[in-house]
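Please look at the strands, the ligand site and the charged pairs in turn.

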Amino acid sequence: MEKSSKSGSRLDRLAAYAGPYRWLTYAALVMSAVSAALSVVPYYYIWRILDEVLAVYPDLESASGIVHNGWMALAFTVLSIAFYIAALMCSHKAAFRISKNIKKRALDHVLGLPPGAFDMIGSGKVRRTIVDSAEATHTYAAHQLPDLAGSVVLPIAIIVMLFFFDWRLGIACIIPIASSMAVMYTMMGNKALSEFMGIYQTALGDMNREAVEYVRGVSVVKTFQQSVHTFQRFKDAIMRYGKFASEYARWCRGRMVAFVVLCNLAFAFLILAAMAINGGIEAADPGFLSDFLFYVIFSPLVAILMMRIMYSSEDGYKVDDGLDRIDELLAMEQLPEPSEPRMPEDMTVRFENVTFSYPGTAAPVVDSLCLTMRPGTVTALVGPSGSGKSTVASLASRFWDPQGGSISIGGVDLREIGSANIARLESYVFQSNSLIKGTLLDNVRLGRPDATPEQVADALREARCDDIVAKMPDGLDTVIGPGGVYLSGGETQRVAIARAILKGSPIVILDEATAFADPENEHLVQQAFERLAENRTVLIIAHRLTTVRDADCICVVDGGRIRETGTHAELMKEDGEYRRMWDDYQRSLSWRVAGVAQ
Ligand SMILES: Nc1ncnc2c1ncn2[C@@H]1O[C@H](COP(=O)(O)OP(=O)(O)OP(=O)(O)O)[C@@H](O)[C@H]1O
Ligand SMILES: [Mg+2]
C-alpha cells in the first residue's frame, strides 16, 4: 500500500515545513487512527442487537439489551467522529503553517535571486510553482494525511472484525478485498506512475505558460493577419497534455474496473460461502444467521472504505512533485551578499575585463570589456542590435554577476557593495516595461516612497511631463497602464525619468526606448534626460545618434566588446565604424525629410 519509504520521507518533508507545529501533524495522525479503530465498534453492537432479536423472536418484549446496545453503538459512533474532527483541527492548523512556510521560504529565496533570472525563468512560472505547490501540500496535509493514518488502521480493524464472528465467512470476505488491494498496489505503488505524474505536471505547466504567452501575443498575430497556427508551441503544448491525459486514463481503465468489481464482490462470495457451510441458507441455525447478517451489513461498507483509502493515496504524487519543484527553486543560486556591505565614496563606475554569458549559454555576450564612467560625465553606448548594450547596463546594476573581471563603484566591487546599496546608488530606466500597474503617483513614488505629492509633481515637471499630467482625468491619482490611461513609449520613458529624478541617486543608467513615434516626444525625452543627467555619473544606451552627440565619451559596442572610444568629434576624425554609423544616420534623416517634403 501507500506506506512506502517514500511516503515516510514525504511526511518528514512536510513536518520539516511545519516547524514547531509538527507535533500537530503527528497528533492528527494518531487521532485519525483512533477514530478509524473506533468506527468499526458500533457494528459489534449492531450485531449484538441482531443476535438478540433472532434469539428471542417472536417474543421481542423479552429482549432486554437492545436499548443499551443501541446507545453503545451511538456512543462509539459519536466518539469516532469526535476524534476525527479533532484530528482535522490539528491537521488544518499544521497544514496552514506548512503552506505558509513553503511560500515564505520560497519567496525569501526568490528575492535573493539575480534580478536577471526572472526574465529567464519567467515570473509566471515562479508564481505557479510557489502557489500550486503550497496549495497541493495544504490539501494533502489537512485532509489526506489524517485519512492515510486511518487507512492503515482501518484494514487491520476490518480484518479483526471479519474473523471475530465466523472465520469461514471472514475468509469469504477477505478474498475479494485482498485481491482489490493487490490491484490497487499495482496502481499506486508503481514507480512508473510517479515518473508519469511528474511528466504530466510538466505538460500541464507548459500548457498554462504557453496559454499566457499566447494571450500576450494575440495583438501581434492579429496585426500580421496570421492564423492561430502561428502559435505552434501553444498547440503542441495542448496536444502533449491531451496525450498524457488520455494515456493516463487508458492506463488506469482496466485496473480501475478490476478494483471496483473486486471491492463489490464480497457480497457474492458471502452467499456462496454461507451455502457451502450450511448446505443452503434455510438450513442454518439462528446463531449462524445473525453472524451472516453481520457480514451482509459489513461487507458493502468495506468496499466504501477501500475506495476512501484509494483516493487518500492518490494525491501524494502531486505533493512530492510540488515539493520537488520547490526544492529546485531553492537550489537556484542566489546572488551572494556581503556580510558587511561597503558604501563607496567616489561614484566612478568601472568595468575591468568583464566577461559575461547568460546562464545556459556558452558564448559570452560581454567579452573582456573595459569601461570607465566618471561622475559628472555622460558615457554613451552605441552599436548594432544584439551587440550587448542592454546587457552591459544590467551588469552595472548587478542584475547578474559577471563570470570574469570586475565591476566597481569608486574602486569597491559591486559584490562588496551589496544589492541594497547598489539600488540606493543607481537609477535604471529600462528600455521597456518601466511602469507598474497603479496610479501615476505610485509609479513615480517608487523612486522615493516617502516623497510628498508636491515633490512628485515637481519631478514630473522637471522630466517635462506637463502634457501627460494635463491629460490625466484624476491628476496624479489616475491609474496608468493596462486598464487605465494609455501612455506611449516616449511618455512612459519620461515618467520613468521623473521617477529617477525624484530618487536623485548619483548614478543613472538609461536604456533608451528603441523608437519614438513623433519628434516632439523625442525632443521632450531628450530635455528630461538632460535634466536627469546633471552632475551625475550617467550611462546612456542610445538608438538615435543625435542623442549622444554631446556625450563626453561615446563607446561603439559590437559583439560584446568596445571597438571605438572617444568624443563625437574624435570619432568622426577616426573615420571608423562610428563615422560610418553617423553617415548612415544622416542619410536616413534626409530620407525622412525628403519623404515629408513630397
Ligand atoms: N536573458 C537572456 N538570456 C539569454 N540571452 C540573452 C538574454 N538577454 C539578451 N540575450 C542575448 O544577448 C545578446 C545581447 O543582448 P542585448 O539585449 O544586450 O543587446 P542590445 O545591444 O541591447 O540590443 P538592442 O539594441 O536591440 O536593445 C543578444 O544576442 C541576446 O539574444
Ligand atoms: Mg537593448
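## Strands, ligand shell and salt bridges

Strand 9 (residues 507-511) and strand 10 pair in the parallel sense over five bridges, and this pairing, like everything discussed below, belongs to a predicted model.

Q: Which residue of strand 10 does Ile509 stand opposite?
A: Strand 9, residues 507-511, runs parallel to strand 10 and is joined to it by five bridges. Within this pairing, the residue of strand 10 that faces Ile509 is Leu539.

Q: How many bridges join strand 3 to strand 10?
A: Strand 3 covers residues 378-382 and runs parallel to strand 10. Leu381 stands opposite Ile541 of strand 10. The number of bridges that join strand 3 to strand 10 is four.

Q: Are the residues that strand 10 points one way and the other way buried or exposed?
A: In a regular strand the side chains alternate between the two faces of the sheet. In strand 10, Thr537, Leu539 and Ile541 point one way, whereas Val538 and Ile540 point the other way. Strand 10, residues 537-541, is mostly covered, with five of its five residues buried, and the state of the residues pointing either way is therefore, with buried meaning under 20% relative accessible area, the one given for all of them: buried.

Q: What is the order of the strands in the open sheet of four strands?
A: The pairing in this open sheet is antiparallel, and its edge strands, each of which pairs on one side only, are strand 2 and strand 5 (412-413). The order of the four strands is 2-1-4-5.

Q: Which residue in strand 2 is the bridge partner of Val354?
A: Strand 1, residues 349-356, pairs with strand 2 in the antiparallel sense, over five bridges. The bridge partner that Val354 has in strand 2 is Leu369.

Q: Which helix gives the most to the shell around ligand 1?
A: Of the 13 residues around ligand 1, those that come nearest are Ser385, Gly386, Lys389, Ser390 and Thr391. The shell divides into four nonpolar residues, eight polar and one charged. The element that gives the most to this shell, with three residues, spans residues 389-396 and is helix 13.

Q: How far from an oxygen atom of ligand 1 does a polar side-chain atom of Ser385 lie?
A: Tyr358 has an N or O atom in its side chain that is 3.3 Å from a nitrogen atom of ligand 1, and a backbone N or O atom of Ser387 lies 3.2 Å from an oxygen atom of the ligand. For Ser385, the polar side-chain atom lies from an oxygen atom of ligand 1 at 2.5 Å.

Q: What percentage of the accessible area of ligand 1 does the protein cover?
A: On its own, ligand 1 has 630 Å² of accessible area. The part of this area that the protein covers is 64%.

Q: How many residues apart in sequence are the parts that Asp206 and Arg240 tie together?
A: Side chains of opposite charge can pair when their charged atoms come close. Asp206 forms a salt bridge with Arg240, with 3.7 Å between the closest N and O atoms. Because Asp206 lies in helix 8 (residues 191-223) and Arg240 in helix 9 (residues 232-263), the pair ties together parts whose separation in sequence is 34 residues.

Q: Is Asp206 buried or exposed?
A: Its partner in the salt bridge, Arg240, counts as partly exposed at 38% relative accessibility. Asp206 has a relative accessible area of 18%, and so it is buried.

Q: In which helix do Glu247 and Lys243 lie?
A: The side chains of Glu247 and Lys243 meet in a salt bridge of 3.7 Å, N to O. Glu247 counts as partly exposed at 29% relative accessibility, and Lys243 is partly exposed at 47%. The two residues are four residues apart, about one turn of the helix, and both lie in helix 9.

Q: How many residues apart are Asp367 and Arg561?
A: Asp367 forms a salt bridge with Arg561, the closest N and O atoms being 3.2 Å apart. The pair links distant parts of the chain, with Asp367 in strand 2 (residues 366-373) and Arg561 in strand 12 (residues 561-566), and their separation is 194 residues.

Note on methods: Residues numbered from 1 in each chain as written. Chains lettered and ligands numbered in written order. Predicted model: local features only at pLDDT ≥ 70, side-chain atom pairs only at ≥ 80, totals over all residues. Heavy atoms only, no water. Buried < 20%, exposed > 50% of the residue type's maximum accessible area, 1.4 Å probe, protein only. Pairing = 2+ DSSP bridges. Near = heavy atom within 4 Å. Polar contact = N/O pair within 3.5 Å; in protein donor to acceptor, adjacent residues only side chain to side chain. Areas by Shrake-Rupley, 256 points an atom, 1.4 Å probe, with all protein chains shown as cover. Nonpolar A, V, L, I, M, F, W, Y, C, P; charged D, E, K, R; others polar. Salt bridge = Lys/Arg side-chain N within 4 Å of Asp/Glu carboxyl O.
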